[in-house]
Amino acid sequence: MSAHVPSRSPGWPRRLVHGVLITLALVFLVCFLVLPLLTVFVEAFRQGVAPYLASIRQPEAWSAIRLTLLVAVIAVPLNVVFGVAAAWAMTRFQFRGKALLGALIDLPFSVSPVISGLIYVLLFGTKGWFGPWLDAHGIKIIYAVPGLVLVTIFITLPFVARELIPLMQTQGSEEEEAARVLGAGGWQTFFRVTLPNIRWALLSGVLLCNARAMGEFGAVSAVSGHIRGLTTTMPLEVEMRYNEYDYVGAFAVASLLALLALLTLAVKTLLEWRYGDEIASHAPGGH
Amino acid sequence: MTLELSHLHRRFAEFQALDDVSLRIAPGEFLALLGPSGSGKTTLLRILAGLDYPDRGSVHKGGTDFLATPSRERNIGMVFQHYALFRHLTVTENVAFGLRVRSWRKRPSRAVIRERVERLLKRVQLEGLGNRYPAQLSGGQRQRVALARALAVEPDMLLLDEPFGALDAQVRVTLRRWLRELHEELELTTVFVTHDQEEALELADRVAVMNNGRIEQVGSPETIYQQPATPFVCEFIGKVNRFTVRRTAAGLAAGSWVPDDDPWQGRFAEAIAYVRPEQLRLAVSPGQPAWEARLRHIYLAGSVAHLDLYVAALDLALEADVASEDLSRLGLHAGMDLRVAPRSAVLFPLDGQGATANQERWIWNARSPVPA
Amino acid sequence: MRRRVLPGFGLSLGYTLTYLSLIVLLPLAALAWTASGIGIEGLIRLLSGPRTLSALRLSLGGALVAASINVVIGLLVGWVLVRYRFPGRRLFDALVDLPFALPTAVAGIALTTLYAPNGWLGSWLEPLGIKVAYTPLGVLVAMVFVGFPFVVRTLQPVLASLERDVEEAAESLGARRWQTFFRVILPILAPTLLTGFALALARAAGEYGSVIFIASNIPMRSEIAPLLIVQKLEQFDYAGAAALGVAMLLLSFLLLVMVALLQRWSHRWAESGA
């Protein structure tokens, strides 16, 4: 992102205005963004390092971490395959209803997280569409891990596609056409020509998808049942500890999530600095 | 083997890109598809490449249905307008691509590939640049990589889509000559799309002039230039003067100039006439039909001088070309009056509804040429 | 006789549609079906209930206010980040994405602790009589937090590609700086600001995790609509939860449509001049 250099050096009244604006913006950024972030770490270490480590080593914390990782490891690759397939279909072919398809892909993005959880309860919950059938066969989806995975897949569905589609649209299909004329087969074209051109955007999408998958709260809350040690992911563990007034414990787990967020941001920013034009500018993604 | 294109139609939404196009491409010839943007030439090329398919019509190669073969099996080399180089591969890897993606049965050994790539890079004068990436090359260099890449698979036919469009004039001229030499050496059927008529006329064995999805004329560059078949071809190729010839009691005339003859035998009342700037005589003797023209301005463009003439009687502006060195010999200066007449002209009669009857084209030549 | 040049159309589109149908369409169908089970009168009764109304008012009304605040602050921050150079600019620019990347629960407890009466900011505001945590004001703060990046990120590319010559023309005609800003620049940015507004609005209205902790969640006072849905689920009132969910979706959809119309209207007389 470029900052314009002013066409001539401004006089000092203007400099004053600039200074005031910059200060205002910085004050806001610090108060609003930096302070909450700092709070997480300060509160986590409020009683020192030892209690912090102890609270992370507790078995509930470990099972929460394991569960969070499990959910991410299943949901993210599935959505990567989806994202690639959707981007290929949308940007390399002409067909009717592209706008509708695009809106459908974006849908999980614009739906409230709780509603995302709600709809899966309506499908698989005890009184849901498949509820009786599932109960009869002893399969638990809601209030069990499969429910968590499904909901996470729903929530993070658009992320990879949203990164890839604008980029592949901008890049155009000329290189793939050239590869075809040169004799490359379908998969050859994809792996040798398309994939290398989208790799950084793909990585970016994976990072965002992963961050969201691990950090999702509202949707997971609705389908989890909050069974400690079984269906509690890290964000849910944070909530439980906080509600039990175990502030150090809550912030300790929260600090791990915050570190993940910072790491994601850092890598993403790095990618954008170095490979900026291979990751098309896009509308923001988020929680 | 000859390529036979028959009655191709292609429509994009509201726009008719190809309208009943038929063409025969002889083996080994260098054919240019020439026309303004929107004339359908790129569409035609893409159909040959297999990147598009016609709505109606057929393409046959030596009896087999060419369109039924998928693009990757047509053994075609294509150079795209913006090169379409694989940006993440080096020059060497780009050129080797077509060989590397072959099924392992047909794939040459690594040594053979390497040797062939090096030979090609030398041929296109890019040796030593094998490890560079496309982003590190100039436009002309990228163009040559694209060409080398297309040639690496030893295709039967080479297709080029406005390959020199994005290059500087000087580079363009050099690459043009070089492409022609390459064609003569390889004897490869080449189809070349361009909107630059100078390029087409200079390079091609035959030129197909296209407009609005139709082929206006196919022929050698000389034929296209000297015997244009339609008004569009007249006006698109080179510079041309245009005026109207009308029937008078005494026969056809345009003001005080009279073409002595009438092949239409009185069927048409009006015709459009085209005269090339170099076909205007500037010192017609008083006994012969000519226009009274004033020489308004002389524009010197290197070796050629463009003369801006004005015929007051017809309110007609004409351009005549003479060699710069002849200016003083002929005693030409701005402001003088001249007697001017065409040495040869192409005439198309108007059919009375505003269109021309192209099949009645008449090429008129002065009978007793007098040196200008 | 048309064939597709590039391969994989059937495979990619087929996979995409199947995946979408299973993951997105099927559950949404369940939502619509279950909600319809409550009937029209049931729906009206549910929506006109005082508790529901208050929750919707807080969620949607709060989101409207929060998104508006985001437009102002986002414009300021976006402008400063694009136009000016100062030490640490790149760092702050990267930081703007924090509300995206940070899990909502983490943001929730952090904001609550920060604005609680004994928190860093809360202890400073309390003597001034401004209570943030456990009040609707806290809900607003959380909503502004989550919606913040949307305006900035949508604005930045447009600001960066703004041609300076329009401003220079205005200046040569005698306009003062602030006149140029309000008469020339702002109208050009208006559609983008509206887009950012819509995105922030959609996000804040449905927000759960960040808000749940800082709100006191007292019914009729500071209970947000998503919480109401969760409670209905826990009571196995599927139909009620579904109806409320559909209502929320429809209301946000309506709001977005209005914003889209506003955008088209402002686009007519303020073409993006960049």
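Which residues in α11(A) meet α12(A), and which residues in α12(A) meet α11(A)? In this predicted model, Met234(A), Pro235(A), Glu237(A), Val238(A), Arg241(A) and Tyr242(A) of α11(A) contact Tyr247(A), Gly249(A), Ala250(A), Val253(A), Ala254(A), Leu256(A) and Leu257(A) of α12(A). Sorted by class, the contact of α11(A) with α12(A) contains ten nonpolar, one polar and two charged residues. Helix α11 covers residues 234-243 of chain A and helix α12 covers residues 247-275 of chain A; their axes come within 7 Å and cross at roughly 160°. Angles over 145 degrees count as roughly antiparallel, and α11(A) and α12(A) are therefore roughly antiparallel to each other. The crossing of α11(A) and α12(A) is left-handed.

Chain A as a whole contains twelve helices and zero strands. Its C-alpha trace spans about 60 × 55 × 30 Å along the principal axes. The domain assignment divides chain A into domain 1, residues 1-44, and domain 2, residues 50-278. Taken over C-alpha atoms, the centres of domain 1 of chain A and domain 2 of chain A are separated by 33 Å. Five residues from domain 1 of chain A and eight residues from domain 2 of chain A take part in the contact between these domains. The side of domain 1 of chain A that touches domain 2 of chain A has four nonpolar residues, one charged residue and no polar residues.

Chain C likewise has zero strands, and its helices number 13. The C-alpha atoms of chain C fill a box of roughly 80 × 65 × 35 Å, taken along the principal axes. Within chain C, a helix pair is formed by α8, residues 136-160, and α10, residues 177-205, whose axes come within 8 Å and cross at roughly 155°. This angle is again over 145 degrees, and α8(C) and α10(C) are therefore roughly antiparallel to each other. In contrast to the left-handed crossing of α11(A) and α12(A), α8(C) passes α10(C) in a right-handed crossing.

On the α8(C) side of this pair, the contacting residues are Met143(C), Val146(C), Gly147(C), Phe150(C), Val151(C), Thr154(C), Leu155(C) and Val158(C). These residues meet Leu189(C), Thr192(C), Leu193(C), Thr195(C), Gly196(C), Phe197(C), Leu199(C), Ala200(C), Arg203(C) and Ala204(C) in α10(C). By class, twelve nonpolar, five polar and one charged residues make up the contact of α8(C) with α10(C).

The contact between chain C and chain A takes 79 residues from chain C and 81 residues from chain A. On the side of chain C that touches chain A, the most residues come from helix α1 of chain C, residues 9-36, which gives 15 residues. The side of chain C that touches chain A comprises 59 nonpolar, eleven polar and nine charged residues.

Chain B also touches chain A, in a contact of 18 residues from chain B and 14 residues from chain A.

Chain B contains an open sheet of six strands in the order β6-β7-β8-β3-β9-β10, with mixed pairing. Strand β6 of chain B and strand β10 of chain B, residues 214-219, are the edge strands, each pairing on one side only. Neighbouring strands of the sheet are turned against each other by 15° on average, direction ignored. Strand β3 of chain B, residues 30-34, runs parallel to strand β8 of chain B, residues 189-194, and five bridges join these two strands. Opposite Leu34(B) stands Thr194(B) in β8(B). Helix α4 of chain B, residues 139-152, packs on the sheet and touches β6 and β7 (157-161) of chain B. The direction of α4 of chain B makes about 170° with that of β6(B).

Technical notes. Residues are numbered from 1 along each chain as its sequence is written. Chains are lettered from A and ligands numbered from 1 in the order in which they are written. This is a predicted model: local features need pLDDT of at least 70, side-chain atom pairs count only at pLDDT 80 or more; totals for chains, interfaces and linings use all residues. Two residues are in contact if their C-beta atoms, placed from the backbone, lie within 7 Å. Domain bounds come from an automatic or database domain assignment. Ala, Val, Leu, Ile, Met, Phe, Trp, Tyr, Cys and Pro count as nonpolar, Asp, Glu, Lys and Arg as charged, and the others, Gly among them, as polar. Axes are lines fitted to C-alpha atoms, for helices over the stretch in contact, and angles run from 0 to 180 degrees between N-to-C directions. Helices (H or I, at least four residues) and strands (E, at least two) are DSSP runs, numbered from the N terminus. Angles under 35 degrees count as roughly parallel, over 145 as roughly antiparallel, 65 to 115 as roughly perpendicular and the rest as oblique. A crossing is left-handed if the near helix is turned anticlockwise from the far one by less than a right angle, and right-handed if clockwise. Two strands pair if DSSP finds at least two bridges between them.
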